[in-house]
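Dear colleague,

Please find below the structure that I am handing over to you. My notes on it follow directly after.

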Amino acid sequence: AGKAIGFVGLGNMGGPMAANLVAAGHRVTGFDLLPEAVEAAAKTGVRPAASAAEAVADADLVFTMLPTGRHVLGLYTDGGLLAAARPGTLFVDSSTIDVADARAAHDAARAAGHRALDAPVSGGVFGAEAATLTFMAGGEAAEFAQAEPVLAAMGRKIVHCGPAGSGQAAKICNNMILGISMIAISEAFVLGESLGLSQQALYDVASTSSGQCWALTVNCPVPGPVPASPANRDYRPGFAAPLMAKDLGLAANAIRAGGVDAELGLRAAERFAAFAAGRGAAEDFSGIIREIQDRSGRG
Ligand code: NAD
């Protein structure tokens, strides 16, 4: 049966996610600070609320899809979201935020008499629209069991990663692998070029050898070998560099907090932060290869 769902944050991701909940038969009430986001959601069948508090007042489940942990914690407490919901409401945060902030959000929800799940996603705007997101969830088994059928309306793969914060932990670890591997693939193409090796030859070997990875075979940073990769359309995203920089920043925070010897993760965070603040501001993250080419005198 359809659930009553409050959805706060109807942006690039939240808008289409809320629309898929409506399409699956749920009663969704939505709010965003931007009136145009609320209007766009209303066209997909989301009932517009005049405030975040109004959106969650009668909800069984509340989703938040906001930029950062500061937004989530601010809305939960100062914004009155926890206070506005019925006791025992399940709060699902799908934003990508610090693991520490996610745990604080769980604590705040519990202290207010509610239940919580962190459930960040991968799959991007395309996955949000097509309802093919991957959800990585952190929280108790009972909360996961309640959320899972609802998440299934927005995603294809739903993984319970462990207790509070585990979903965010999985997300930042995965994206750290991705950030480092994109730099590794890019450096290898530029090194190969300096050795007179053709890009296609390196691709043919590495894609069927131990260098194989998503950054090579799906999002290949040079044009040609993988026709659908952003390199073939002048690095239009795709996965925008500022989002990669954000996720690596969260990984770097966790690396420092945990005293982990993750030199490459920290270095990748620095490289993508600089790239995203400059020429990469509107590019796919694979555009970092052009910076590596330039710095190698091969631009
Ligand atoms: P977005 O900026 O398009 O949407 C965020 C929305 O939150 C905005 O519409 C904003 O107005 C709204 N908002 C901010 N504060 C609010 C408040 N107090 N009350 C109500 N609304 C408020 O961002 P997005 O691309 O939808 O991303 C959302 C989250 O998902 C981020 O944490 C991001 O890292 C993560 N994410 C994004 C992608 C992607 O490809 N865009 C992929 C995976 C994860």
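**Annotated domain and overall division**

According to the unreviewed UniProt entry, residues 165-290 carry the annotation "domain: 3-hydroxyisobutyrate dehydrogenase-like NAD-binding"; UniProt positions are given in the numbering used here, feature names are shortened, and annotations may be inferred rather than shown by experiment. Please note that this is a predicted model, in which local features need pLDDT of at least 70 and side-chain atom pairs count only at pLDDT 80 or more, while totals for chains, interfaces and linings use all residues. Residues are numbered from 1 along each chain as its sequence is written.

Over residues 165-290 the chain is 61% helix and 0% strand, with 35 Å between the end C-alpha atoms. Helices (H or I, at least four residues) and strands (E, at least two) are DSSP runs, numbered from the N terminus.

The protein chain is divided into domain 1 (4-163) and domain 2 (169-295), with bounds that come from an automatic or database domain assignment. Their C-alpha centres lie 30 Å apart. Nine residues of domain 1 are in contact with ten residues of domain 2, where contact requires C-beta atoms, placed from the backbone, within 7 Å. On the domain 1 side, the touching residues divide into five nonpolar, three polar and one charged. In this scheme Ala, Val, Leu, Ile, Met, Phe, Trp, Tyr, Cys and Pro count as nonpolar, Asp, Glu, Lys and Arg as charged, and the others, Gly among them, as polar.

**Ligand shell and annotated active site**

There are 27 residues around the ligand, of which Gly-9, Gly-11, Asn-12, Met-13 and Thr-96 come nearest. The elements giving two or more residues to this shell are α4 (69-76), β7 (121-122), α7 (124-130) and α12 (241-258). By residue class, the shell divides into 15 nonpolar, ten polar and two charged.

The unreviewed UniProt entry places its "active site" annotation on Lys-171, a residue of helix α9 (residues 166-194). Lys-171 counts as buried because 27 other C-beta atoms lie within 10 Å; the cut-offs are 20 or more such atoms for buried, 12 or fewer for exposed, and partly exposed in between, with C-beta atoms placed from the backbone. Leaving aside neighbours within four places in sequence, Lys-171 is in contact with Thr-96, Pro-120, Ser-122 and Met-136.

The largest nonpolar core has 91 residues, and Ala-18, Ala-147 and Phe-272 touch the most other members. Such a core is a set of buried Ala, Val, Leu, Ile, Met, Phe, Trp, Tyr and Cys residues joined through C-beta atoms within 7 Å. Helix α9 supplies the largest share of this core, eleven residues, and each of domain 1 and domain 2 contributes at least three.

Ala-18 belongs to helix α1 (residues 14-23) and is buried there. Not counting residues up to four places away in sequence, Ala-18 touches Phe-7, Leu-10, Val-28, Gly-30, Ala-41 and Val-46. Eight of the ten residues of α1 are buried, and these pack against β1 (4-8), β2 (27-31), α2 (35-43) and α7. Just after α1, Gly-25 takes a positive phi of about 100 degrees.

**An exposed loop residue**

Arg-233 lies in the loop between α11 (214-217) and α12. Arg-233 is classed as exposed because 12 other C-beta atoms lie within 10 Å. Arg-233 and Pro-223 are ten residues apart in sequence, and their C-alpha atoms are 8.3 Å apart in space.

With kind regards

Note on methods. Near = placed C-beta within 6 Å. Contact = placed C-beta atoms within 7 Å.
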